[in-house]
Amino acid sequence: DKYRGFLKNFPPPSVKMKIPIAAHPWIDSDQNIGSLFMVWRFLTTFADILGLWPFTVDELAQSLHDYDPRLLGEIHIALLRTLVKDIEDVAQASTNGMVVNQYTVSFTGGGHPQLVE
């Protein structure tokens with residue numbers, strides 16, 4: 001803290017910073033931009049598992065503004081497929097009475113069989 005006065009401000013005032021996404025609601029709130037980047041990071045991190053193609057944060061933001069966005073539809077379908085597969089795995093494990101792997105939870109007589117029947 002005693003050296004804080006010696007540090008120069010970054011970026012310097014001569015550098016004009018550009019807003020990452022200059023559209024509503026992103027321009028109104030840093031929290032909205034942070035949420036957008038968090039969602040984009042999650043989706044790109046798990047793109048292989050979800051079966052999504054690589055896309056930029058600009059494409060994601062644009063898909064939220066489009067009338068009929070293909071990317072947003074693909075994201076929703078991929079997430080729903082993952083949820084259904086997980087429910088099916090839990091139901092299968094509970095009917096067999098065994099745990100399939102370390103990531104699935106098996107409740108004896110539990111699961112959600114009514115959702116997958």
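Predicted model: local features only at pLDDT ≥ 70, side-chain atom pairs only at ≥ 80, totals over all residues.
1. A residue is called buried when its relative accessible area is under 20%, exposed when that area is over 50%, and partly exposed in between.

2. In its secondary structure the chain contains 5 helices and 0 strands, so that, when it is read along the sequence, the pattern is α-α-α-α-α. Of the contacts in the chain with a separation of 6 or more, 31% are accounted for by residues 24 or more positions apart. The accessible surface of the chain comes to about 9600 Å², and 59% of that surface belongs to carbon and sulfur atoms.

3. Helix α3 covers residues 57-65 and helix α4 covers residues 70-96. The two helices pack with their axes 7 Å apart, at an angle of about 100°. Because angles from 65 to 115 degrees count as roughly perpendicular, α3 and α4 are therefore described as roughly perpendicular to each other. On the α3 side of this meeting are Glu-59, Leu-60, Ser-63 and Leu-64, and on the α4 side they meet Leu-71, Leu-72 and Ile-75.

4. When neighbours within four places in sequence are left aside, Ser-63 is in contact with Pro-69, Leu-71 and Leu-72. Leu-71 and Leu-72 are also among the residues of α4 that meet α3.

5. A search of the whole structure finds 2 salt bridges, and they can be taken in turn. In one of them Arg-70 is joined to Glu-74, with the closest N and O atoms 3.9 Å apart; a salt bridge is counted within 4 Å. Both Arg-70 and Glu-74 lie in helix α4, 4 residues apart, which is about one turn of the helix. Arg-70 counts as exposed because its relative accessibility is 61%, whereas Glu-74, with a relative accessible area of 27%, is partly exposed.

6. The other salt bridge joins Lys-85 to Asp-89, and here the closest N and O atoms are 3.1 Å apart. Why are Lys-85 and Asp-89 separated by about one helical turn? They are so separated because they are 4 residues apart in helix α4. Asp-89 is partly exposed, with a relative accessible area of 24%.

7. The surface also carries a nonpolar patch of about 370 Å², which is made by Phe-42, Phe-46, Ile-49 and Leu-79. Leu-79, one of these four, is found in helix α4. With a relative accessible area of 32%, Leu-79 counts as partly exposed, and a residue needs over 30% to be included in such a patch.

8. Thr-56 is partly exposed, with a relative accessible area of 40%. How far apart in space are Thr-56 and Thr-44, taken C-alpha to C-alpha? They are 8.7 Å apart in space, although 12 residues separate them in sequence.

How values were computed: Residues numbered from 1 in each chain as written. Heavy atoms only, no water. Patch = residues over 30% accessible without salt bridge, like charges linked within 9 Å, V, L, I, M, F, W, Y side chains within 5 Å. Areas by Shrake-Rupley, 256 points an atom, 1.4 Å probe, with all protein chains shown as cover. Salt bridge = Lys/Arg side-chain N within 4 Å of Asp/Glu carboxyl O. Buried < 20%, exposed > 50% of the residue type's maximum accessible area, 1.4 Å probe, protein only. Contact = heavy atoms within 4.5 Å. Axes fitted to C-alpha atoms, helices over the stretch in contact; angles between N-to-C directions. Parallel < 35°, antiparallel > 145°, perpendicular 65-115°, else oblique.
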